[in-house]
Amino acid sequence: MIKIENLTVKYGGISAVRKISFEVNEGKIVALIGNNGAGKTSTLKTISGLISPSEGRVFFEGNEITGMKPHEIAKRGLIHIPEGRHIFPNLTVKENLIMSSSSRNIAKAEFHEEMNNMLKNFKVLKERENQLAGTLSGGEQQMLAIVRGMLQAPKLLMLDEPSMGLAPLVVEDVFKIIKSINNNGVTVLVVEQNAQVALSAADYGYVMEVGEIILQDNADALLKSPQVKKIYLGEND
Ligand code: ATP
């Protein structure tokens, strides 16, 4: 569904991403894991059109999207939930969700119906629909960011570090939601420093280090790989 070929991202003279190639197949959850500064965020931002690559090509559903504007890419159903969630703290939960209708060609009444149906599965947010988003807990804010992404009608959802700043039990809840979204037919590309949780949810994984993909395999195999265990899971065998 996504194909990346020889992608290079530079900031000034420094390469943050160096000639990486990878694919995300339809219906799967793919995890891109790696430590701070590995180039994961830069990769996602390039796919969603927020930054331009200095080299390489990005394809979505067989069509090249390299260099397209972010809103054109979002309209095709490739939706990016950025690191830090980027919700509007001074707007209510509902107002934050309504903002997501701007990228869609949908009648107001139809959007509201979709939103209300979606909120039935997120009772915590439904109960807080008139609360300012900035007063939500970290986990609730992440759920809001995910629901907002879902209301943009994704075919493929890209999530940047959804576990960031959340307690372990909340992280589990967030990944359960990601799994259920995938079970409902949305392909997922998730970027994570938390290798354990991301690979446990994923079908396939790529490991990034200093701008390069150093390992790739089925997620189960990566969880068992000595290299991943040592570097990312803090285990020695
Ligand atoms: P993190 O999990 O910390 O976000 P990451 O793997 O997502 O890490 P990136 O954010 O893509 O990594 O950063 C990759 C490299 O690019 C880092 O060395 C970072 O300092 C650098 N970088 C990122 N954004 C910029 C920018 N706007 N200007 C200059 N350098 C940048």
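Visitor: Which helix gives the most to the shell around the ligand?
Guide: This is a predicted model, where local features need pLDDT of at least 70, side-chain atom pairs count only at pLDDT 80 or more, and totals for chains, interfaces and linings use all residues. Residues are numbered from 1 along each chain as its sequence is written, and side-chain values use heavy atoms, with hydrogens and water left out. Helices are DSSP runs of H or I with at least four residues, and strands are runs of E with at least two, both numbered from the N terminus. The helix that gives the most, with 3 residues, is α1 (residues 40-47).

Visitor: Which residues come nearest to the ligand?
Guide: A residue is near a molecule or strand if one of its heavy atoms lies within 4 Å of it. There are 13 residues around the ligand. The nearest of them are N36, G37, K40, T41 and S42.

Visitor: How many Å separate a side-chain N or O atom of S42 from an oxygen atom of the ligand?
Guide: A polar contact is a pair of N or O atoms within 3.5 Å; within protein, one must be able to donate a hydrogen and the other to accept it, and residues adjacent in sequence count only if both atoms are side-chain atoms. A polar backbone atom of G37 is 2.8 Å from a ligand oxygen. A polar side-chain atom of K40 also lies 2.8 Å from an oxygen of the ligand. For the side chain of S42, the value is 2.5 Å.

Visitor: Which strands stand at the edges of the open sheet of 4 strands?
Guide: The order is β2-β1-β4-β5, with antiparallel pairing. Each edge strand has a single partner, so one side of each is left without a neighbour in the sheet. The edge strands are β2 (14-24) and β5 (63-64).

Visitor: How far apart do the C-alpha centres of domain 1 and domain 2 lie?
Guide: An automatic or database domain assignment sets the bounds: domain 1 is 1-77 + 154-237 and domain 2 is 87-153. The C-alpha centres of domain 1 and domain 2 lie apart by 24 Å.

Methods
Pairing = 2+ DSSP bridges.
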